[in-house]
Amino acid sequence: MANTAFHDPLIIPVEGGWLGLSTDLKIKGVQARRSDDLLTWSDPYPLLGQAPASVRRHTGVERFWAPELVERNGKWRLYVCASRVGTTQSVIGLAEADNPLGPYAYIGDVLQTNHGPRFTQPNAIDPCVCAGRDGRDYLFYGSFFGGIHILPLTEEGFPAVFDEGQLVAGGGHQPIEGAYCVYHEPTDRFVLFTSWGSLRSDYHIRVGYSHAITGPYLDSNGYPLTDPDPVHTPGDKLVGGYHFGLPGVPEVMATGHNSIARIGGEPYVVHHARPEGDERRPFLQIRRLFFAADGRAMAWPLTYNGAPLIPVDSAPRRWRFVHLSRDNYGVVYGVSMAAEEARIRIEGSGITARAFCKDWKGFVFRQGDRTACTLLSPDGEALWGIAEA
């Protein structure tokens, strides 16, 4: 999987296998791949051909970014976006098909934005469609520049209002993009995932929560994701660059632009990453997503390899921990600790610890030949641990 080029990944179950969509890296149009096991992927092919004339006229480009695919009323709706790089001269469009594999017909432009001198206006890229409690669809979109906005959609999948929508995250040219929203039924809250930082170096995923799909989305400290104060650094940090220093565990940076998939009935966070110190083509990472009793999200430190997560049969004596501090945008290096030093307590699949001057609580499992854990602090920082051999 580490050798498979993906950028802004989305995976959908189809015909006993998987369809993977991403920002194009080799071809015009929407890049697609097929897989039977989520580990080996086919060569890319165009799910939708080059951009139609309206998109080319508005942006001057022929390649689509960050596709979104949802099924509505027996039709598959493929939302795509195109943009003149470094500007807000962008468009989100909609194509439809009777089957997720296509063929797709372009229906029309959903949203256009124009570039201006302020560099703080909304930008029509990175579409995500999420249904509210009433079943009505909403479009999340946006990036650097004006932040992440939300618009209600009609039953046909087009905006129900004639404005830019409501700001729910970022703004003021903060480095944010790649929104993805899901509903967490046990806590009756919407969970908004966003990617912050430079996509080539310090990209990372932060999360906010809201009882209304239109926000406000708050982190564990109570800060809204629209908070402009750099000291607050709003958003619980879910995934970031890491270097455990353990054999067989890759060192990565620029982890971000996620979607959520269900594999075997369980939620997984799907995102891309880059090798540490190397800005070459990004690759796909899939990792299990957990929710604490209070509904806050935690990501698993090990990537998907087909092995199930099983309860641990003994408590490891030494761990290598990565503290994903919200103030550290870059790669975090692993620290070796004895279980006694970190005050680790394991009960079933639950684990608690005291390290880095914080209390932590989360989950511990064995995946293949490794034991690992993911924990969350009261203020919304993540702690990942992998047992040392």
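Leaving aside neighbours within four places in sequence, T59 is in contact (heavy atoms within 4.5 Å) with A82, S83, R84, Q89, S90 and V91. The model is a predicted one, in which local features need pLDDT of at least 70, side-chain atom pairs count only at pLDDT 80 or more, and totals for chains, interfaces and linings use all residues. Residues are numbered from 1 along each chain as its sequence is written, and side-chain values use heavy atoms, with hydrogens and water left out.

**Surroundings of T59**

- T59 counts as buried because its relative accessibility is 1%; buried means under 20% relative accessible area, with a 1.4 Å probe and protein chains only.
- A polar atom of the T59 side chain lies 2.8 Å from the backbone oxygen of V55.

**Aromatic pairs**

- Rings of Phe, Tyr and Trp (its six-membered ring) pair if their centres lie within 6.5 Å, and planes over 60 degrees apart count as edge-to-face.
- By this rule there are 11 aromatic pairs.
- One of them is the edge-to-face pair of Y242 and W384, at 5.5 Å centre to centre and 65° between the planes.
- Y242 is buried at 1% relative accessibility, and W384 is buried at 0%.
- Y268 and Y304 also form an edge-to-face pair, with 5.9 Å centre to centre and 85° between the planes.
- Y268 is buried with a relative accessible area of 12%, as is Y304 with 18%.
- One aromatic cluster is formed by F290, W300, F363 and F365.

**Charges over rings**

- A charge sits over a ring if NZ of Lys or CZ of Arg is within 6 Å of the ring centre and within 35 degrees of the ring normal.
- R33 lies over the face of F6, at 5.7 Å from the ring centre.
- R206 lies over the face of W196, at 4.1 Å from the ring centre.

Key:
Buried < 20%, exposed > 50% of the residue type's maximum accessible area, 1.4 Å probe, protein only. Polar contact = N/O pair within 3.5 Å; in protein donor to acceptor, adjacent residues only side chain to side chain. Phe/Tyr/Trp six-rings, centres within 6.5 Å; stacked < 30°, edge-to-face > 60°.
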